[in-house]
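Here is a short briefing on one protein structure. Look at the model first, then read the points by topic.

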Amino acid sequence: MAHLNRVKALLNPVIQRSQLLGEMKEDLLAAVQHDPAARNMLEVALVYPGVHAVWVYRLAHRMWNKSEHLKLPARIISQTARAVTGVEIHPAARIGRRLFIDHGMGVVIGETAEVGEDVTIYHGTTLGGTSLHHGKRHPTVGSRVVIGSGAKVLGNITIGDDVQIGANAVVVKNVPSGNVAVGIPAHNRPVKGAEPQIDPAIYI
C-alpha cells in the first residue's frame, strides 16, 4: 500500500497537468464552436482575451486550492490577467468545463460564484454579491446558460440549467431551468424550443 501511495504521489502532478491541458483545449474548442467570427483555433488561442482569462483562472484555481501559501500568488496571477484581458475571475470561484467568455471586457466573476458546464458569458457581465458577510454570496449558475452582455446576476441565487439571461438584465432572484430572464429587475418566462445561442433580448 505504501508503495502504491508513492507511485500515486509521483503521478499526481502529471495527471493534474494532463487534466489542465485537456480543459484548456476544451475551452479553445468551445470558443471556436460558439463564435461565428472565429476563423481557426490558432487565431482564437492568440487573440481571444476571454479564452486567455479562463486559462489563467484554471491555473490560479488549482494554486488556490493546493496550499494556503499559494493563495497570494494565485491572486496576483488573476489580477495580472485582469489587467491584460479586462476579465476578473476570483481564483476561488468554481467554474465548469467549456466556459466561453465572448469579447471579455468588463466581466467579473466573484469569489463564491459557481458556474456549470457549456456556459456562454458576454462582455460586461457581473456575477456579483449583495452582501459583505463571509460565506456564499455570489450566484450559482447551471449548465448551458447564456448570459447576455451587460447583465448583472447578483447575490446568492440559483440560475437553472438552459437559462438565457438578456442583455443588461438585473437578476436578483432565482431563475428556473429553461426560462428566459429579461428586464430590470429581471422577470422570468418559460421559452420552449428556443435556439440555444439566440439573443434573449428578443423576448423583451
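The largest nonpolar core has 29 residues. Those with the most contacts inside it are Ile 109, Ile 121, Leu 127, Ile 147, Ile 159, Ile 165 and Val 171. A nonpolar core is a set of buried Ala, Val, Leu, Ile, Met, Phe, Trp, Tyr and Cys residues joined through side-chain atoms within 4.5 Å. Buried means under 20% relative accessible area, exposed over 50%, and partly exposed in between (1.4 Å probe, protein chains only).

**About the model**
- This is a predicted model: local features need pLDDT of at least 70, side-chain atom pairs count only at pLDDT 80 or more, and totals for chains, interfaces and linings use all residues.
- Residues are numbered from 1 along each chain as its sequence is written, and side-chain values use heavy atoms, without hydrogens and water.

**Cores and helix 3**
- Helix 3 gives the largest share of this core, 3 residues. (Helices are DSSP runs of H or I, at least four residues; strands are runs of E, at least two; both are numbered from the N terminus.)
- A second, separate core has 8 residues, including Leu 28, Val 44, Val 51 and Trp 55.
- Val 51 and Trp 55 are among the buried residues of helix 3.

- 4 strands form an open sheet in the order 2-5-8-11, with parallel pairing. (Two strands pair if DSSP finds at least two bridges between them.)
- Strand 2 (94-95) and strand 11 (158-159) stand at the edges with a single partner strand each, so one side of each has no neighbour in the sheet.
- Strand 5 (residues 114-115) and strand 8 (residues 140-141) pair over 2 bridges.
- Val 115 has Val 141 in strand 8 as its bridge partner.

**Surface**
- Leu 42 lies in helix 2 (residues 41-47).
- Leu 42 is exposed, with a relative accessible area of 58%.
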